[in-house]
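Please take me through this structure step by step.

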Amino acid sequence: MQLVVGRIGRPHGLRGDVTVEVRTDDPEQRFAPGATVSTDPASAGPLVVASRRWHSGVLLVRFEGVDDRDRAEELRGTMLVIDSADIPPSDDPDEFYDHQLIGLTVVTPDGERAGEVTDVLHHGQDLLVVRRGGRDVYIPFVKALVPEIDLEAGTLLVVAPAGLLDPDQAV
């Protein structure tokens with residue numbers, strides 16, 4: 001599975017630097033000089049990081065072979081991706097990557113199948129998007145509501161208050 005770690009934005013300057021919208025928690029590693037990054041579309045890469053620097057809170061990256069503004073502009077909108085198999089497992093048993101959660105079957109304490117995790121949203125509070133009854137239900141991703149995750153079994157236990165899993169209540 002391919003995971004997006006960044007998106008190339010507008011060129012910066014005349015020598016091929018581009019802005020990168022960071023979508024990884026480890027930009028220093030993912031965009032280290034010499035690192036190779038796959039792209040979506042694949043025809044745009046792979047790209048090798050020649051240099052990187054931060055400027056006013058924005059990551060600027062120069063890729064090998066991208067030496068002018070025109071070539072940098074051609075890369076605008078390109079997604080920078082890595083293979084999920086390249087991510088080391090977390091040492092924290094209560095920490096999960098989004099790609100590990102997406103696709104898990106949601107079950108209730110009674111063993112009832114309550115849906116499937118289709119997305120994870122990070123908007124101040126992490127939310128699981130669960131497809132149930134043809135609609136999306138949003139479940140706060142907190143230990144009190146999601147006390148158990150079994151990646152091997154492919155399940156996620158949700159202890160939901162009355163009405164939370166009701167698709168008619170979905171926003």
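R131 is partly exposed, with a relative accessible area of 39%. Partly exposed sits between two limits: buried is under 20% relative accessible area and exposed is over 50%, with a 1.4 Å probe and protein chains only. R131 forms a salt bridge with D136, and the closest N and O atoms are 3.5 Å apart. A salt bridge here is a side-chain nitrogen of Lys or Arg within 4 Å of a carboxyl oxygen of Asp or Glu. D136 is partly exposed too, at 25% relative accessibility.

A word on the basis. This is a predicted model, in which local features need pLDDT of at least 70 and side-chain atom pairs count only at pLDDT 80 or more, while totals for chains, interfaces and linings use all residues. Residues are numbered from 1 along each chain as its sequence is written, and side-chain values use heavy atoms, with hydrogens and water left out.

Now the strands. Strands are DSSP runs (E, at least two residues), numbered from the N terminus. Two of them pair if DSSP finds at least two bridges between them. Strand β9 (residues 125–132) pairs with β10 in the antiparallel sense, over 6 bridges. In this pair, L127 stands opposite P140 of β10.

Step back to the whole sheet. It is open and has 6 strands, in the order β10-β9-β8-β7-β12-β11, with mixed pairing. β10 (135–140) and β11 (148–150) are the edge strands; each has a single partner, so one side of each has no neighbour in the sheet. From one strand to the next, the twist averages 35°. The angles come from axes fitted to C-alpha atoms and run from 0 to 180 degrees between N-to-C directions.

Next, turn to β5 (residues 58–63). Strand β2 (residues 17–22) runs antiparallel to β5, joined by 3 bridges. T19 stands opposite L60 there. Strand β4 (residues 47–55) is also antiparallel to β5, with 6 bridges. Here S51 faces R62.

D17 lies in β2 and R62 in β5, so the pair ties together parts that are 45 residues apart in sequence. D17 is buried, at 8% relative accessible area. R62 is partly exposed, at 25%.

How many salt bridges are there by this rule? The count comes to 9. Among them is the pair E73 and R76, at 2.9 Å, N to O. E73 is partly exposed at 36%, and R76 is partly exposed at 45%. R7, E21 and R23 are linked in a network of salt bridges.

Most residues other than glycine have a negative phi, and most peptide bonds are trans.

The loop between β3 (36–40) and β4 holds P41. P46 is found in that loop too. A cis peptide bond joins D40 and P41, with omega about 10°. Another cis bond joins G45 and P46, with omega about 5°.

Last, look at V81 in strand β6 (residues 79–83). V81 is buried, at 5% relative accessibility. Its contacts (heavy atoms within 4.5 Å) include V4, V37 and D40, leaving aside residues up to four places away in sequence. V81 and A42 are 39 residues apart in sequence, yet 9.6 Å apart in space, C-alpha to C-alpha.

Terms used: Helices (H or I, at least four residues) and strands (E, at least two) are DSSP runs, numbered from the N terminus.
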